[in-house]
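Please have the sequence and model open while reading.

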Amino acid sequence: MAQDMSFRGSPLRLVSVVKGFHQYVAGINYKLIVSAAIIGGEGRRAKYYEAIVYENLSHVKELVSFRPLLTV
């Protein structure tokens, strides 16, 4: 199922999760490399982004950062 999001005002559609890593701290840090494309961007290729998500001990998740990547 595709997930819609936005980055700097451009609506994005999640294409796939390329890689994922996790680290146990006082909760869990997740580092996800995702492929996403601009919604309605005909002829535009998907680009790669890094998402950092923190999940606390109560299982509440927070997006810490989301940035574009030049390469994977």
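## Residue E55

In which strand is E55 found? E55 lies in strand β4, where strands are DSSP runs of E with at least two residues, and helices are runs of H or I with at least four, numbered from the N terminus. The model is predicted, so local features need pLDDT of at least 70 and side-chain atom pairs count only at pLDDT 80 or more, whereas totals for chains, interfaces and linings use all residues. Residues are numbered from 1 along each chain as its sequence is written, and side-chain values use heavy atoms, with hydrogens and water left out.

E55 has a relative accessible area of 8% and is therefore buried (buried means under 20%, exposed over 50%, partly exposed in between; 1.4 Å probe, protein chains only). Its side chain makes a polar contact with the side chain of Y30 at 3.0 Å. A polar contact is a pair of N or O atoms within 3.5 Å; within protein, one must be able to donate a hydrogen and the other to accept it, and residues adjacent in sequence count only if both atoms are side-chain atoms. Leaving out residues up to four places away in sequence, E55 touches G27, I28, Y30, V60 and K61 (contact: heavy atoms within 4.5 Å).

## Strand pairing

Strands β2 (residues 10-25) and β3 are antiparallel and share twelve bridges; two strands pair if DSSP finds at least two bridges between them. A hairpin through one residue joins β2 to β3, and H22 stands opposite Y30 in β3.

Strand β4 runs antiparallel to β5 (residues 61-68), with seven bridges. Y54 is opposite E62 in β5. The β4-β5 hairpin has five residues between its strands, and H59 in the turn has a positive phi of about 70 degrees.

## Nonpolar core

The largest nonpolar core has six residues: L12, V34, A36, Y49, A51 and F66. Such a core is a set of buried Ala, Val, Leu, Ile, Met, Phe, Trp, Tyr and Cys residues joined through side-chain atoms within 4.5 Å. The elements giving two or more residues to this core are β3 (27-38) and β4 (47-55).

## Residue S10

S10 is in strand β2 and, at 28% relative accessibility, counts as partly exposed. S10 and I38 are 28 residues apart in sequence, with a C-alpha to C-alpha distance of 6.6 Å.

## Confidence

The protein chain averages a pLDDT of 86, and 82% of the residues score at least 70; pLDDT is the predictor's confidence in each residue, from 0 to 100. Mean confidence is lowest in strand β1 (residues 4-7), at 59, and highest in β4, at 95.
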